[in-house]
Amino acid sequence: CSQCHAVRKDQAQSPNESAPRFQVIASVPGMTSIALSAALNTSHRTMPNIMLAADEQADVIAYILSLK
């Protein structure tokens with residue numbers, strides 16, 4: 001994720017200007033684990049299709065939501 005996204009709260013900008021910071025994603029009104037799961041399991045034109053095991057996906061989602 002960190003190749004494109006700013007994953008730490010103290011990062012002001014993502015390495016890829018088009019990729020939102022994880023803190024911005026976490027702060028989207030109504031952002032939930034269900035919404036993040038749907039996003040991670042949906043193809044995006046500019047994001048590679050990364051296959052995560054269920055426990056890895058749960059960890060990523062929990063981390064993103066911890067940045068609220």
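**Figure 1. Overall dimensions of the predicted chain.** The protein chain has a radius of gyration of 11 Å, which agrees with the value near 11 Å for a compact globule of 68 residues. The radius is taken over C-alpha atoms, and the globule rule is 2.2 Å times the number of residues to the power 0.38. Along the principal axes, the C-alpha atoms fill a box of roughly 30 × 25 × 20 Å. The model is predicted: local features need pLDDT of at least 70, side-chain atom pairs count only at pLDDT 80 or more, and totals for chains, interfaces and linings use all residues. Residues are numbered from 1 along each chain as its sequence is written, and side-chain values use heavy atoms, with hydrogens and water left out.

Figure 2. The protein chain holds 3 helices and 0 strands, in the order α-α-α from the N terminus. Helices (H or I, at least four residues) and strands (E, at least two) are DSSP runs, numbered from the N terminus. Of the contacts (heavy atoms within 4.5 Å) with a separation of 6 or more, 41% join residues 24 or more positions apart.

Figure 3. Q11 lies in the segment before α1 (22-26). Q11 counts as buried because its relative accessibility is 18%. Buried means under 20% relative accessible area (1.4 Å probe, protein chains only). Leaving aside residues up to four places away in sequence, Q11 touches A6 and R21. Across the protein chain, buried residues make up 25% of the 68 residues.

How values were computed
Buried < 20%, exposed > 50% of the residue type's maximum accessible area, 1.4 Å probe, protein only.
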